[in-house]
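Q: I would like to learn how to read aromatic pairs in a model. Could you take me through an example?

A: Gladly; let us look at it together.

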Amino acid sequence: MLETLRALNPLYEREHGITPGDVEAVRRMIARIESTRSERQPRPGDRLVHISCHGDYAPDALVERPEDGGRLAINIIPFVPFVSAATEGVHCHAGGGPMTAIAAGELHYAGHRPGEFLIWGHDGPAGHGAIRFRALVAGWSYREPEALYGDYTTRDWRRLYVYCLPRPDGSYRYETDGYEIGDEAAFRRFLHDFEGRVFPGQTPRQRVVWCYRDIERGLTQEAWEAIDAPVTARRIYGAPQPVKLVKDHAHRRTSCFYVQPHIVIR
């Protein structure tokens, strides 16, 4: 236990030093957490996989507290929570967010899993005075109803908000995430290269595109020539360069290989 806590808390160990009293406090809290878990009823401190109707995948959401009407306050992207003993288990408080409320009966049990927690050490609230530890909690899953994009989620796919903007000549250009894709032909080529599927956006000019992730990698000239793939072009370092695209369907990503330029810094 002592060595595990030292590995998780290097700053605490350096500035405060982990004492036998700290170890015992952590042991008691772990026992309190693990002895109050249930496979039928979510409890504060449990973790869940939360998938929104927009496809946002949050693998470590936190059951933070019960609310009126049998609902639970869920912190979707929490910081590590502080924990303290309560009458029927533990209290949790974590920053982060956003928050949502879900009926307890809508969560599906998914087995036990580790969760991280914090308690104050022997010096109390102080700089780097919290001790991080892990305990087994119940794991749950929840997916919001009426998914807008079918089974697409950010766990396995890249989601882009693409905007179709008019040009003075009556044509359109497409841009996303601060860079320009190009005209209609370039957009279709982008969809082909990254196995993209287009959904309507929130405005007439917006498109929601789910596609493979983009990996750029510079190679030597010899390694680049050895790749058996068609040659196309892409802007690398602000200028068009020949590239080779290789799709990895198992991991849903497209790797863009280019010749790494030789840069001399004087």
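Q: Are Tyr149 and Trp210 buried or exposed?

A: This is a predicted model, and in it both Tyr149 and Trp210 are buried.

Q: How is a pair of aromatic rings described?

A: In general, one gives the distance between the centres and the angle between the planes. Here Tyr149 and Trp210 make a tilted pair, with centres 5.7 Å apart and 50° between the planes. Tyr149 sits in the loop between β8 (130-143) and β9 (158-166), while Trp210 belongs to strand β13 (residues 206-211), so the pair links distant parts of the chain, 61 residues apart.

Q: What kind of pair do Tyr174 and Phe187 form?

A: That one is stacked: 4.2 Å centre to centre, with the planes at 10°. Tyr174 lies in strand β10 (residues 172-176) and Phe187 in helix α4 (residues 184-193), 13 residues apart. Tyr174 and Phe187 are both buried.

Q: How many aromatic pairs does the whole structure hold?

A: The search finds eleven. Rings can also gather in a group: Tyr149, Tyr152, Trp157, Phe199, Trp210 and Tyr212 form one aromatic cluster.

Q: What share of the residues is buried?

A: Buried residues account for 40% of the 266.

Terms used
Residues numbered from 1 in each chain as written. Predicted model: local features only at pLDDT ≥ 70, side-chain atom pairs only at ≥ 80, totals over all residues. Heavy atoms only, no water. Buried < 20%, exposed > 50% of the residue type's maximum accessible area, 1.4 Å probe, protein only. Phe/Tyr/Trp six-rings, centres within 6.5 Å; stacked < 30°, edge-to-face > 60°. Helix = DSSP H or I, 4+ residues; strand = E, 2+ residues; numbered from the N terminus.
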